[in-house]
Structures are given as C-alpha cells and as structure tokens.
Amino acid sequence: MQHELTVSIARGGLSVGECDGQGARLLHVRLGEQPRLKAALAQRWQTGGKEKESKAAGGHMEDGNIASPDMIVTVQQHIAQQQEALYPGAKGTFSWLLSGITLATKMIQAQIRRAGLLGIAGSAGASNVQGETQQKLDVYANEALLHCLGVRDAVAVLVSEENEEPVTFDRAPETGKYVVIFDPLDGSSNIDVNVSVGTIFSIFLRPEKTSDVPNAAALQLGSKQVAAGYVVYGPSTMFVYTAGNGVFGFTLDPNIGAFVLSHDKMRMPAQGQYYSVNEANAEGFPAKYQTYLSQLRSGGLGHEYSSRYIGSLVADFHRTLLKGGVFLYPPTVTHPGGKLRLLYEANPLAFLAEQAGGMATDGRGRILDIQPEGIHQRTSLVIGSRVEMEAFGRIE
Ligand code: F6P
C-alpha cells in the first residue's frame, strides 16, 4: 500500500497531510515561538528525512488551506522538541532510539489487548534468570524490544530482565552511544487475570572508556541515567518518560496508533492518601518499616491512610505518581536485601519520582546513589511523595 506524506511549514506550525490508500488525514501542529525547531523541520522535509515525501494529488496542502483545527503532540514530536531546546543541533539520534521503545511497546500492547483471544496468556513453561516463571508474553515482549532496539545503530548494549547477560552490538563508540536497560513486561503474572502490567526502561550513555566487559557499561549510578520511563498497559496504554527535564505522559490513541501528549509536566502531589505494600510480608519487615506503617495508619501524618496494592510495580507507581502517597517493597524474610531489581525497576522509577518532585530510597540512602555490582541486583525500595518520604527518613 502506498503511503504518502505532504508537509508544509505554515501558519505558525507544521502541517502534515497523510494518505495511505484508506483515506487522507490532515494534521496541523502549532510550533509556537521556536524558530530553531521550525528551521530544522523545514530543512529536514526539504532535504528528505527518513520518511517519504511526495506531493501526490489529493494529499497536497497549500499554505493557508488547513482543514483541521486538531492540535496534538506525539511523543516523537515532543522528544524532538525537547532535544532541540536542550541540545541545539541534536541530530535526532536519541529520538530515533526512543522510537524503538515506542514501536516495541505498541506491538506489546497489541498482543496484550488480545491475549485472552490468542491463547497467549499464561506460562511459557520456563523460568527466567530470576527463577520466576516466564509468561508467554514475557518472551514476546523481550523479543519485540530486543528487535526494535537492536536495529537502531545508536544502541551499544541492551540489558533485559529476561537475559542473564547483556546483549552487545559491535558498534563504534561514536555511533553506538547508548546502553538501554529494560524490564520487558513487569508484573506479567497479572495478565492472566486481566490486570495492568507494564514495561520499564532506563537509558545511559555508554561510558567513554569502554572496557571489554559489557556489564561494566550497565553498572552505572542511577544518577547518570539520561532518560527513563515506562509504559503502563491499563484501561488505556500510557507512555511516561523523563529525559532529565521533567516528566511527561502520553496516551496511546488507538485510532491513529500514536502516543499523544496527555499529561504535561507531571508533578507528584506533595502528600497523598494511600500507602502501597504487600502486607502479607509485614511480620518480616524490619522494625523501622513497621513503625512507619503504623504511623501512616494511625494518622501520624495528618490523616489516616488507606492502602492500595496491585502487585504490578508500574501500575502501583503510576498511581503514586498521579495521586501521591508511598509505595514500599521492604526487606522481607525471603528477600532480606529486597526483591525489586535496581537497574530496571528501582533506578528508572526513582529518576521519574525525583523529576516529578518525589523521592526514592532503599531504606538507607538515595536509590540513584547506589553503585550497582550486578545487572540483576535486587534492592528494597521506598518511593513516593515528599511528605511521606521525609516522614520515613525521620524514623531511626
Ligand atoms: O518485580 C516483579 C513484581 O511483579 C513487581 O511488578 C511487583 O511490584 C512485585 O513483583 C510484586 O511482588 P509480590 O508478589 O511479592 O508482592
């Protein structure tokens, strides 16, 4: 099927006409006062970008002939704008890298939406490197991310929850600049019961002095992340990310197949109503955590807290980001060092929490200051709103 685009810079924005054989669509995106971005876009479309440009009959728009008042910002446009504003002259490598994640997560959500019909819910009959039962969708999600990211030449190293060792690519340091770490499908046992799950990712620059040990590129302090985010597959599919300049949320519009900006400059409320913890483990929690939980329950922070626990970290964190409160996975009898994984669970969510005005610790210090020693290292995690986190920090 022929797919044709016409593009013009007009009326303070970028107009895109798209014709794919099933119909034509018009889109006008206001660029505001961003002359550099306008110039860069104008040049890109004049000189030919990755997309095909043509002026086919029926798809061409003349200046001033804008039919649709719709103004949306897709995740790709947003990342490009942010990069251009922060790093003038950015070549688009980072946006191209992130488009690997958005593409893979769209593929994953399409499978999740039909899981009950395709017979792909349930166990794949194997265990992953964590000794946890692998779900069929874990395998699919991992392959989708490995493929969509692996073909982007900016990627040097991929680390996945599902792979014991990092996957490395023989790319020159000038090209293969990034290390991407991900949990392809977090909380996947919840799929069988039609409850929200998610994908989490964390991105680092490949260290300048690269050693031959691929693990070394991934064992960086969380504070060095250049971007992090997650996709929550809930009633709607949402992509939430930070590149160190605030947190932004996008909702997948299934009609156009694009993540559209729906939550601009997200801030975690300073205090919330809920705490979130697996209370079945409470008797084994260290005393500090037990004191804290009874303080929350008894109104010690101004009101009596209610509890919410889904058992999908992404979903529990997403609620905490939007509504405030605190999520805890303390040390337990079976996991005295904590259960959650530092590199692809705690680190990316800690980066997002801090960027949204919240905090994250392992019970002793800031998550982002932990020097990782192994790619599948576990940690305890307390993450949430400023008021709850400061109260936790005051308990001896
Ligand atoms: O780490 C995987 C995970 O499923 C998280 O998504 C979730 O927060 C946690 O484990 C749930 O663990 P538990 O079942 O022990 O409460």
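The structure is a predicted model, in which local features need pLDDT of at least 70 and side-chain atom pairs count only at pLDDT 80 or more, while totals for chains, interfaces and linings use all residues. Residues are numbered from 1 along each chain as its sequence is written, and side-chain values use heavy atoms, with hydrogens and water left out.

E388 lies in helix α10 (residues 386–394). Contacts (heavy atoms within 4.5 Å) link E388 to A270, Q271, G272, Y292, L296, L301, Y305, G325 and V326, leaving aside residues up to four places away in sequence.

T74 sits in the loop between α1 (35–47) and α2 (75–86). T74 is also buried, with a relative accessible area of 15%. Leaving aside residues up to four places away in sequence, T74 touches F250, A258, F259 and V260.

α2 packs against helix α3 (residues 93–113). The angle is about 155 degrees, and the axes (lines fitted to C-alpha atoms over the stretch in contact) are 10 Å apart. α2 is therefore roughly antiparallel to α3 (angles over 145 degrees, on a scale from 0 to 180 degrees between N-to-C directions). V75, Q76, I79, A80 and Q83 of α2 meet F94, S95, L98, S99 and T102 of α3.

Terms used: Helices (H or I, at least four residues) and strands (E, at least two) are DSSP runs, numbered from the N terminus. Buried means under 20% relative accessible area, exposed over 50%, partly exposed in between (1.4 Å probe, protein chains only). Angles under 35 degrees count as roughly parallel, over 145 as roughly antiparallel, 65 to 115 as roughly perpendicular and the rest as oblique.
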